[in-house]
Amino acid sequence: MINPKIEKKLNKQLNDELYSSYFYLAMSAYFENNSFEGFANWMRVQSEEERKHAMKIYDYIHQVGGKVKLTAIKTPKTEWSSPLEVFKDTYKHECDVTKAINDIVDVAVKEKDHATNNFMQWFISEQVEEEATAQRLLDKIKFIGIDKQGLFLLDRELGKRTSEN
Ligand code: FEO
């Protein structure tokens with residue numbers, strides 16, 4: 001039977017991953033509205049990946065005999081002033097997710113819940129990648145600045161992203 005403290009934390013993270021999916025979908029819609037189809041594609045794939053993260057937690061809670069409690073998902077921001085602002089938000093959001101994941105591991109260790117600690121290690125590694133990718137894209141967009149050709153080329157590159165895991 002799952003420790004109630006851990007169950008609560010995992011349900012919170014499940015909700016947060018669904019919010020992440022929603023947040024990136026809002027970014028995708030913003031890019032669609034501004035005819036950046038490649039950026040929109042990248043964000044749409046990101047949104048799908050976040051839903052997969054949520055479902056990993058959903059399945060795990062059931063696997064360890066817990067109860068999934070779905071709650072309201074807050075309304076995401078829907079307007080940004082530029083692609084730069086979107087990727088600043090993306091990077092900050094991923095740093096916040098990393099903190100939340102680390103917090104679950106801290107509690108799992110404290111509660112001697114080795115199974116949850118082990119389960120969460122996938123998320124620890126994933127966050128290293130998520131932060132690095134967001135940072136890399138943020139750096140590229142900062143470098144490009146207001147160069148329209150640079151943005152066009154990056155849009156084309158991001159249009160190639162497909163779902164991996
Ligand atoms: Fe589920 Fe982007 O972290």
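Predicted model: local features only at pLDDT ≥ 70, side-chain atom pairs only at ≥ 80, totals over all residues.

Student: What does the side chain of K12 meet in a salt bridge?
Tutor: The side chain of D16. The N to O distance is 2.8 Å.

Student: And how far apart are K12 and D16 along helix 1?
Tutor: They are four residues apart in helix 1, so about one helical turn separates them. D16 itself is partly exposed, at 23% relative accessible area.

Student: How many salt bridges does the structure hold?
Tutor: Nine. One of them pairs the side chains of K9 and D103, at 2.4 Å from N to O.

Student: Which helices do K9 and D103 lie in?
Tutor: K9 is in helix 1 and D103 is in helix 3, so this pair ties together parts that are 94 residues apart in sequence. K9 counts as partly exposed at 29% relative accessibility. D103 is partly exposed too, with 31%.

Student: OK, so how do helix 1 and helix 3 sit? At what angle do their axes cross?
Tutor: At roughly 170°. Helix 1 covers residues 4-33, helix 3 covers residues 83-110, and their axes come within 11 Å. Angles over 145 degrees count as roughly antiparallel. Helix 1 and helix 3 are therefore roughly antiparallel to each other.

Student: What kinds of residues make up the contact of helix 1 with helix 3?
Tutor: There are 17 nonpolar residues, four polar and five charged.

Student: Back to charges. What does K140 form a salt bridge with?
Tutor: With E157. Their closest N and O atoms are 3.3 Å apart. This pair links distant parts of the chain, with K140 in helix 4 and E157 in helix 5 (residues 148-158). They are 17 residues apart.

Student: Are K140 and E157 buried or partly exposed?
Tutor: K140 is partly exposed at 28% relative accessible area. E157 counts as partly exposed as well, at 38%.

Student: New topic: the inside. How many residues are in the largest nonpolar core?
Tutor: It has 21. F31, F39, M43, V86 and F87 have the most contacts inside it.

Student: Which elements give two or more residues to this core?
Tutor: Helix 1, helix 2 (37-63), helix 3, helix 4 and helix 5. Helix 1 gives the most, with seven residues.

Student: Zoom in on M43. What does M43 touch?
Tutor: Leaving out residues up to four places away in sequence, M43 touches Y24, M27, S28, F31, V86, F87 and T90.

Student: Last one. Where is V128?
Tutor: V128 is in helix 4, which covers residues 114-144. V128 is exposed, because its relative accessible area is 59%.

Student: How far apart are V128 and E94 in space?
Tutor: 9.4 Å, C-alpha to C-alpha. In sequence, V128 and E94 are 34 residues apart.

Terms used: Residues numbered from 1 in each chain as written. Heavy atoms only, no water. Axes fitted to C-alpha atoms, helices over the stretch in contact; angles between N-to-C directions. Parallel < 35°, antiparallel > 145°, perpendicular 65-115°, else oblique. Nonpolar A, V, L, I, M, F, W, Y, C, P; charged D, E, K, R; others polar. Buried < 20%, exposed > 50% of the residue type's maximum accessible area, 1.4 Å probe, protein only. Salt bridge = Lys/Arg side-chain N within 4 Å of Asp/Glu carboxyl O. Core = buried A, V, L, I, M, F, W, Y, C linked by side-chain atoms within 4.5 Å. Contact = heavy atoms within 4.5 Å.
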